[in-house]
Amino acid sequence: MTVFLYHHHTSVCSAKVRLALAEKGIAWDGKLIDLRGSEQYTPEYLAMNPFGVVPVLVHDGKVLPESTVINEYIDEMFDGPPLSPADPYMRGKMRIWTRMNDESIHGATSVLSSAIAFRHQAKHSDQVTHIVDPYKRERLSETVGKGIDTAHFKTALAAVDVLFGYIEETLGGTGPGKALSGGGPDWLIGEYSLADIGLASYVKRFDNLQLGFLWESRPRVAGWYERLKARPAYQRAIAEWADHDPSFVQLMIDQGRILQPRLRAMISDIRKAA
């Protein structure tokens with residue numbers, strides 16, 4: 001069986017698929033898509049994935065986009081340690097986290113990343129005209145133009161702060177309501193799963209953007225992040241790929257440090273209002 005991945009070294013969605021592949025011990029080959037050069041919008045790539053995003057998995061000629069779907073496919077299709085609970089109810093609780101990621105956190109991460117750092121890349125604004133989804137196109141255009149002063153930014157920052165509040169409670173065994181209760185103490189649903197894998201690369205992105213203050217007063221989140229980073233698969237799938245082109249990471253670090261005083265003040269206001 002051949003497994004081929006079209007991905008990008010710093011893409012959060014690509015990273016979470018690489019992490020699932022690593023945890024399952026799957027050998028794969030791949031091609032890095034030049035996001036700065038808008039390769040994801042070429043006719044050849046859109047023929048595989050009309051959404052124009054990475055990653056895309058090709059397994060024995062079968063093409064599958066969308067990272068959350070890919071990860072469930074990887075877990076079901078291949079041998080190796082199970083990444084989903086056998087119990088249907090616990091599998092459902094796992095999917096609450098992956099669904100939250102897809103519906104809220106991914107979009108928020110895109111806003112934070114562009115507003116803080118990637119708007120300073122020469123070719124980043126060129127991607128705006130290529131984006132298929134009209135809402136995403138408008139959101140990126142405003143984020144690139146206004147940075148953290150766009151209304152989208154404060155909403156995105158608040159969404160991520162809420163996420164870390166949920167994680168802190170859940171790892172404590174309570175959770176915000178029955179839907180997210182009963183997790184912890186080490187992993188989101190009690191056992192390591194696609195829920196943790198799905199969020200691992202996002203926490204790394206927030207860390208790169210110098211947003212670690214979001215979990216300064218949340219020791220369970222901090223411990224969970226350390227456990228993620230300690231996994232050998234995390235090192236192979238996420239940490240080591242940062243060395244492919246360090247300029248991406250350095251840009252996030254540099255711009256995040258410049259803006260951190262304003263971001264700390266913003267999150268203080270958000271928490272007071274909540």
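The model is predicted, so local features need pLDDT of at least 70 and side-chain atom pairs count only at pLDDT 80 or more, while totals for chains, interfaces and linings use all residues. Residues are numbered from 1 along each chain as its sequence is written, and side-chain values use heavy atoms, with hydrogens and water left out.

Reader: How many salt bridges does a search of the whole structure find?

Author: A salt bridge is counted where a side-chain nitrogen of Lys or Arg lies within 4 Å of a carboxyl oxygen of Asp or Glu. One network of such bridges links D161, R218 and R271. Over the whole structure, the search finds 14.

Reader: Which residue forms a salt bridge with K16?

Author: The closest N and O atoms of the pair are 3.8 Å apart. K16 belongs to helix α1 (residues 12-24) and its partner to helix α4 (residues 88-116), 86 residues apart; helices are DSSP runs of H or I with at least four residues, numbered from the N terminus. The partner of K16 is D102.

Reader: Is K16 buried or exposed?

Author: Buried means under 20% relative accessible area, exposed over 50%, and partly exposed in between, with a 1.4 Å probe and protein chains only. D102, at 41%, is partly exposed. K16 has a relative accessible area of 2%, and therefore counts as buried.

Reader: What separates E226 and K229 in helix α8?

Author: These two side chains form a salt bridge, with the closest N and O atoms 3.0 Å apart. E226 is partly exposed at 45%, and K229 is partly exposed at 24%. Because they are three residues apart in helix α8, the separation is about one helical turn.

Reader: Which element gives the most residues to the lining of the largest pocket?

Author: On a 1 Å grid over the protein atoms alone, a pocket is an open set of points where a 1.4 Å probe fits, with protein on both sides within 12 Å along at least five of seven lines; lining residues have an atom within 4 Å of a point. The largest pocket is lined by 47 residues, and V53, H106, S110, K136 and R139 lie nearest its centre. Among the elements giving two or more residues to this lining are α1, α5 (134-146) and α6 (151-171). The greatest contribution, 11 residues, comes from α4.
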